[in-house]
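Student: I have a model open and would like to go through some of its residues and elements with you. Could we begin with a polar residue?

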Amino acid sequence: MARIDLFKQHLQEKKAVKVIAGIDNFDIVNIKKVVSSAENSGASAVDICAKEEIVKEIRSMTELPLFVSSIVPEELVKAVDLGADAIELGNFDVLYKKGISFTAQDVLRLTKETIALLGDRETFFSVTIPGEIAIAEQIELARELETMGVDLIQTEGHFSKDSQADGVRGLMERAELTISNTIELARNIEMPIMTATGINPTTAPFAFAAGASAIGVGSCINKMDSTLSMMATIRNLVEIAEKNAVKTVELV
């Protein structure tokens with residue numbers, strides 16, 4: 001069985017948990033700690049940056065499905081050649097803080113470039129829908145990505161430098177937005193949805209209730225100092241996901 005099949009199975013059962021080390025996280029010690037914690041806690045996959053030496057090292061240490069995130073098509077294709085099981089165009093959220101923004105047209109262009117560069121390479125392809133564009137545009141973009149053969153879309157909350165809320169309040173506001181985006185997208189597309197931004201044990205149940213087949217969890221894990229704390233939080237999230245899967249089966 002291919003490694004990515006585990007993630008696909010969890011996705012189908014609406015219980016996938018992807019642990020995100022961070023598109024801009026190049027601290028190999030922290031990344032290895034995150035990946036090890038995810039592997040030992042029942043996570044469905046891990047997501048790391050596209051830096052070549054980091055991809056090589058993490059691939060050598062884990063059999064967990066490995067996502068690699070970047071906004072550069074060439075980096076994504078290189079990651080596949082280095083052993084990534086899946087690629088994620090996006091995780092734009094952290095880049096907004098640097099003043100980098102993305103339109104629907106930007107995402108479509110980068111997606112087309114990536115597909116062209118992949119050629120006959122078979123890989124699971126996830127694309128982030130920018131949280132800062134209007135919901136009508138998000139829906140139209142998701143529909144176009146669906147017709148292009150993208151396997152999964154990831155939602156996010158909007159980061160605003162003008163926001164007055166920070167800390168827990170700011171995180172909750174952004175989680176609320178990504179969950180509302182999930183609701184709207186789930187009503188309009190057939191493709192599975194992963195909800196990210198502000199997802200933690202408190203907000204995860206709402207993401208699944210909104211129609212997500214998966215959650216992407218980053219800062220609530222990778223900013224922890226203790227491996228034990230990381231593992232405890234991931235296990236909690238996996239348990240929440242398992243409960244959602246049971247509810248889904250009961251409703252069928």
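Predicted model: local features only at pLDDT ≥ 70, side-chain atom pairs only at ≥ 80, totals over all residues.

Student: Is Asp 47 buried or exposed?

Tutor: Asp 47 has a relative accessible area of 0%, so this residue is buried. It lies in strand 2, which covers residues 45-48.

Student: Which side chain makes a polar contact with that of Asp 47, and at what distance?

Tutor: One such partner is Ser 69, at 2.7 Å from side chain to side chain. Another polar contact, of 2.8 Å, joins the side chains of Asp 47 and Lys 18.

Student: Where is Lys 18, and is it buried or exposed?

Tutor: Lys 18 is in strand 1. Its relative accessible area is 0%, so Lys 18 is buried. Beyond its neighbours within four places in sequence, its contacts include Phe 67, Glu 88, Gln 154, Met 194 and Ile 215.

Student: How far apart are Lys 18 and Ile 71?

Tutor: They are 53 residues apart in sequence, and their C-alpha atoms are 19 Å apart in space.

Student: Next, strand pairing. How many bridges join strand 1 to strand 8?

Tutor: Four bridges join them, and the two strands run parallel. Within that pairing, Ala 16 has Ala 214 of strand 8 as its bridge partner. Strand 7, residues 193-196, also runs parallel to strand 8, and three bridges join these two. There, Ala 196 is partnered with Gly 216.

Student: Which way do the residues of strand 8 point?

Tutor: Ala 214 and Gly 216 point one way, Ile 215 and Val 217 point the other way, and all are buried.

Student: What do strand 7, helix 9 and strand 8 make?

Tutor: Together they make a right-handed β-α-β unit, in which helix 9 covers residues 204-209.

Student: And the loop between strand 7 and helix 9: what is the phi of Thr 197 there?

Tutor: Thr 197, which lies in that loop, has a phi near 85 degrees, a positive value in a residue other than glycine. Its relative accessibility is 11%, so Thr 197 counts as buried. Lys 14 also has a positive phi without being a glycine, at about 60 degrees. Lys 14 is found in the loop between helix 1 and strand 1, and is partly exposed, with a relative accessible area of 31%.

Student: Changing topic to helix 2: which of its residues are buried?

Tutor: They are Asn 30, Ile 31, Val 34, Val 35, Ser 37 and Ala 38. Seen down the axis of helix 2, these buried residues fall within an arc of 165 degrees, so they line one face of the helix.

Student: What caps its N-terminal end?

Tutor: Asp 27 does, with a side-chain oxygen 3.1 Å from the backbone nitrogen of Val 29.

Student: Last one, helix 4. Which of its residues are buried?

Tutor: Helix 4, residues 73-81, has Pro 73, Leu 76, Val 77, Ala 79 and Val 80 as its buried residues. Those residues cover an arc of only 155 degrees around the axis, which puts them on the same side of helix 4.

Student: What covers them?

Tutor: The cover includes helix 3, strand 3, strand 4 and helix 6. Just after helix 4, Gly 83 takes a positive phi of about 115 degrees.

Definitions and conventions:
Residues numbered from 1 in each chain as written. Heavy atoms only, no water. Buried < 20%, exposed > 50% of the residue type's maximum accessible area, 1.4 Å probe, protein only. Polar contact = N/O pair within 3.5 Å; in protein donor to acceptor, adjacent residues only side chain to side chain. Pairing = 2+ DSSP bridges. Right-handed = clockwise from strand over helix to strand, strands pointing away. Arc of directions from axis to C-beta. Contact = heavy atoms within 4.5 Å.
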